[in-house]
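Thanks for coming. I have one structure to show today, and I will keep to the geometry.

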Amino acid sequence: MTVGAPRDDRHQFYGALRRLLFLVPPERSHELVFAALRGATLAAPARRQLSRRLAPTDPVLASTVFGARFPGPLGLAAGFDKDGLGLKAWGALGFGYAEIGTVTAHPQPGNPAPRLFRLPADRALLNRLGFNNHGAAALAAKLARHSPDVPIGVNIGKTKATPPEDAADDYRASARLVGPLATYLVVNVSSPNTPGLRDLQAVESLRGILSAVLAETSAPVLVKIAPDLADPDVDDIADLAAELGLAGIVATNTTVSRDGLRTPGVDGLGSGGISGPPLAHRAAEVLRRLYGRVGDRLTLISVGGIETVDDAWDRITAGASLLQGYTGFIYGGGLWAKHIHDGLAVRLRDGGFASLTEAVGSAAAKP
Ligand SMILES: Cc1cc2nc3c(=O)[nH]c(=O)nc-3n(C[C@H](O)[C@H](O)[C@H](O)COP(=O)(O)O)c2cc1C
């Protein structure tokens, strides 16, 4: 039995498939699944069929954010499709949008393997991929050829070889390439897998980076933050984002904390960020803090440990206009996004909300 997904025959099928896939090393199985998803959505008729079954069509789930129409609030989180190889797949698989990347100004191979691990007893993942990607220019070329059926955000990070003092120029170079082609742009300063990256969250560094990116692009700009920040640092970044006129904040990235993990042998796996349910409590806490502080001025995207309809509803009513998931998709399978969207539609109607936007922040003290 699994948590957070429909309990029907098709789900049992994914349970069996997942057991098979989990026999294959994680990064290889990611490549296999990704190739299969791309294959299944390559031809327009197949895409239409899938979309008819999985894409959110209930108008109560739709909202307009960053000037674009999002058919449903749940998107694919950054890191799954780093290079935009599946641009046509995500809408057909039931996601309301996708965040592509992280891409960096220069292509880079990432860290040596093994660098991705499953923690099955925690329904979690540990990764230290280190921004393996083909670079912002390659993604820009892909985006330019693509006519999206759902909004596409792009997440940019710092090239590993770029020294911290040149970080602003590195982010600026990526923003110049992908900004004009993205529904929104995320400045990622929160991956634990690029040495020194998270130090860029210090307000003095962040101000320079965000100002450079804002000057370079007219796309809505958001910043993605770590769950491991102390509360006063969360507040400082929120204030800076509001002061600079950012469009929003994505909270949160993976955590370096190993607290509460049940999977045996985690300590032997080495460094990296944990995603999935162990992150849920802190991700929700950071969301609440942000909403209380800047919820009236910034759009909040909540990500981290969203697995069930309850999780998703909790984040919407706590102040998130949009949601994202990565690990929930790995453990929940191809029907996961649909399951969450269907459940949210029921919650909205049961709660008497005429639209998703009405429900955003409805359980929170108004900011
Ligand atoms: C394998 C893997 C790779 C990731 N790569 C990125 C990345 O390139 N950029 C980024 O901003 N976040 C990345 N993330 C973090 C996710 O976008 C997300 O913030 C985090 O996993 C928490 O969400 P989840 O619990 O739904 O997985 C990655 C996560 C995983 C599991």
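First, the ground rules. This is a predicted model, where local features need pLDDT of at least 70, side-chain atom pairs count only at pLDDT 80 or more, and totals for chains, interfaces and linings use all residues. Residues are numbered from 1 along each chain as its sequence is written, and side-chain values use heavy atoms, with hydrogens and water left out.

Let me start with the barrel. Eight strands close up in the order S3-S4-S7-S8-S9-S10-S12-S13, with parallel pairing. Helices (H or I, at least four residues) and strands (E, at least two) are DSSP runs, numbered from the N terminus. Two strands pair if DSSP finds at least two bridges between them. Going back to that barrel of eight strands, its neighbouring strands are turned by 25 degrees against each other on average, direction ignored. For angles in general, axes are lines fitted to C-alpha atoms, for helices over the stretch in contact, and the values run from 0 to 180 degrees between N-to-C directions.

Which strand pairs with S3 over three bridges? That is S13: residues 74-76 of S3 and residues 322-325 of S13 run in the parallel sense. Within this pair, Leu 76 stands opposite Gly 325 in S13. On the sheet packs helix H9, residues 280-294, which touches S9 (221-225), S10 (248-251) and S12 (299-303). Contact here means heavy atoms within 4.5 Å. The direction of H9 makes about 170 degrees with that of S12.

S5 and S6 pair in the antiparallel sense over four bridges, with Phe 117 bridged to Leu 126 in S6. The two strands form a hairpin with four residues between them, and Arg 123 in the turn has a positive phi of about 50 degrees. S6 also pairs with S11, again antiparallel, over three bridges; there the partner of Leu 125 is Ser 275 in S11. Are the faces of S6 covered or open? Both are covered: Ala 124 and Leu 126 on one side, and Leu 125 and Asn 127 on the other, are all buried. Buried means under 20% relative accessible area, exposed over 50%, and partly exposed in between, with a 1.4 Å probe and protein chains only.

The peptide bond from Ala 113 to Pro 114 is cis, with omega near 0 degrees, and Pro 114 sits in the loop between S4 (97-103) and S5 (116-119). Another cis bond joins Ala 251 and Thr 252, with omega about 15 degrees; Thr 252 is in the loop between S10 and S11 (273-275).

Phe 66 is not a glycine, yet has a positive phi of about 55 degrees. Phe 66 lies in the loop between S1 (63-65) and S2 (68-70) and counts as buried because its relative accessibility is 19%. Phe 131 also has a positive phi of about 55 degrees, in the loop between S6 (124-127) and helix H5 (136-145). Phe 131 is buried at 4%.

On to charges. A salt bridge is a side-chain nitrogen of Lys or Arg within 4 Å of a carboxyl oxygen of Asp or Glu. By this rule the count is 19. One of them joins Arg 207 and Glu 243, with the closest N and O atoms 2.9 Å apart. Arg 207 is in H7 (residues 203-216) and Glu 243 in H8 (residues 231-244), 36 residues apart. Arg 207 is partly exposed at 34%, while Glu 243 is exposed at 54%.

Arg 293 and Asp 235 form another, at 3.6 Å from N to O. Arg 293 lies in H9 and Asp 235 in H8, so this pair ties together parts 58 residues apart in sequence. Arg 293 is partly exposed at 35%, and Asp 235 is buried at 10%.

Lys 338 and Asp 342 make a salt bridge at 2.9 Å; they are separated by about one helical turn because they are four residues apart in H12 (residues 336-350). Lys 338 is partly exposed at 27%, as is Asp 342 at 39%. Salt bridges that share partners also join Asp 231, Asp 235, Asp 239, Arg 282, Glu 285, Arg 289 and Arg 293 into one network.

Last, the surface. Phe 13, Leu 17, Leu 20 and Leu 23 form a nonpolar patch with about 450 Å² of accessible area together. Patches are made of residues with over 30% relative accessible area and no salt bridge, where like charges are joined within 9 Å and nonpolar side chains (Val, Leu, Ile, Met, Phe, Trp, Tyr) within 5 Å. Accessible areas come from the Shrake-Rupley method with a 1.4 Å probe, and for residues only the protein chains shown count as cover. Leu 17 is in H1 (residues 9-21) and is partly exposed at 33%.
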